[in-house]
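Biologist: I would like to go through this model with you and ask what stands behind each label. Could you set every value against its cut-off as we go?

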Amino acid sequence: SIFFICKLFYIEHNELVLTPLKTILLGVIFAPIYEEIIFRSLLRFTKNNLILFISTISALIVYFALQSKNELVIILSFLLFIVLLFVQIFSIRKIELFISSKFKYFFYATAISFGLLHAFNFTGNIYLILEFSFILGGSQIILGFILGFIRMNFGLIYSILFHIIINTTLLITIF
């Protein structure tokens with residue numbers, strides 16, 4: 001269905017236009033690490049995970065600023081601001097209790113947002129990409145649930161390793 005939508009509406013997959021070395025570095029090594037930290041580290045809200053999350057977001061802001069990707073700098077800066085504002089207003093303990101009391105919603109939101117953001121790996125008519133985002137990012141939504149399960153049952157390192165294995169498998173099929 002993704003192939004059909006891409007052909008029908010002239011939508012192109014961005015990751016297929018990178019050089020092989022960049023694809024390997026970004027897709028197999030860096031993306032699984034920062035995506036797991038951003039989307040799943042705070043499923044267990046602790047001070048150390050918060051520091052890891054803030055450090056990762058800050059590093060990505062610097063990286064995207066150097067790449068002149070201003071829209072990503074703005075989005076990540078806004079996310080960082082919201083997290084820091086919540087930590088400033090509420091204690092870490094109160095946030096931890098809130099997340100644990102509403103965990104299933106937090107878990108679903110992270111898995112779905114992980115998948116939907118992958119729809120932006122496509123270029124073309126932005127309105128069509130938004131309209132078909134649940135299809136274009138559908139497999140990543142499912143992967144988000146699986147990675148969240150692994151993260152909660154085995155730890156963040158294991159979700160990163162599984163993510164690396166999945167991305168490596170996909171790249172092998174592409175090359």
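**Labels and cut-offs**

Biologist: Why is Arg40 called buried?

Modeller: Buried means under 20% relative accessible area, exposed means over 50%, and partly exposed is in between (1.4 Å probe, protein chains only). Arg40 has 1% relative accessibility, so it counts as buried. Please keep in mind that this is a predicted model: local features need pLDDT of at least 70, side-chain atom pairs count only at pLDDT 80 or more, and totals for chains, interfaces and linings use all residues. Residues are numbered from 1 along each chain as its sequence is written, and side-chain values use heavy atoms, with hydrogens and water left out.

Biologist: How do you know that Glu36 and Arg40 meet in a salt bridge?

Modeller: The label asks for a side-chain nitrogen of Lys or Arg within 4 Å of a carboxyl oxygen of Asp or Glu. For Glu36 and Arg40 the N to O value is 2.7 Å, and the pair meets that condition. Glu36 is at 0% relative accessibility, so it counts as buried as well.

Biologist: Where do Glu36 and Arg40 lie?

Modeller: Both are in helix α2, four residues apart, about one turn of the helix. An α-helix has 3.6 residues a turn, so residues three or four places apart point the same way. A helix here is a DSSP run (H or I, at least four residues), a strand is a run of E of at least two, and both are numbered from the N terminus.

Biologist: How many salt bridges does a search of the whole structure find?

Modeller: Two. Glu96 forms one with Arg93, with the closest N and O atoms 3.4 Å apart. These residues both lie in helix α5 (residues 92–101), three residues apart. Glu96 has 29% relative accessibility and therefore counts as partly exposed.

Biologist: How many helices and strands does the chain have?

Modeller: There are 10 helices and two strands, in the order α-β-α-α-α-α-α-β-α-α-α-α along the sequence. Of the 175 residues, 36% count as buried.

Biologist: What makes the span of α10 close to the expected one?

Modeller: The expected span is 1.5 Å times one less than the number of residues. Helix α10 (residues 156–174) has 19 residues and reaches 27 Å from its first C-alpha to its last, close to the 27 Å expected.

Biologist: Why do the buried residues of α10 line one face of the helix?

Modeller: They are Leu156, Ser159, Ile160, His163, Asn167 and Leu171. Seen down the axis of α10, they fall within an arc of 105 degrees, so they line one face. The arc is taken over the directions from the helix axis to the C-beta atoms. The face turned away from the buried side of α10 carries the exposed residues Ile157, Tyr158, Ile165, Ile172 and Thr173. The cover over the buried residues includes α2 (20–40), α3 (47–66), α6 (103–118) and α9 (138–154).

Biologist: Which residues form the nonpolar patch on the surface?

Modeller: They are Leu21, Leu25, Leu26, Ile29, Phe30, Ile33 and Tyr63, with about 590 Å² of accessible area together. Patch residues have over 30% relative accessible area and no salt bridge; nonpolar side chains (Val, Leu, Ile, Met, Phe, Trp, Tyr) are joined within 5 Å, like charges within 9 Å. The areas come from the Shrake-Rupley method with a 1.4 Å probe, and for residues only the protein chains shown count as cover. Helix α2 gives the most to the patch, with six residues, while Tyr63 is found in α3. At 37% relative accessibility, Tyr63 counts as partly exposed.

Biologist: What does Val73 touch, not counting residues up to four places away in sequence?

Modeller: Contact means heavy atoms within 4.5 Å, and Val73 touches Ile61, Phe64 and Ala65. The C-alpha atoms of Val73 and Ile61 are separated by 5.1 Å, although the two are 12 residues apart along the chain. Val73 is in helix α4 (residues 70–89), and its relative accessible area is 17%, so it is buried.

Biologist: Why is Thr110 called buried?

Modeller: Thr110 has a relative accessible area of 12%, so it falls in the buried class. It lies in helix α6 and, leaving aside neighbours within four places in sequence, is in contact with Phe39 and Leu43.
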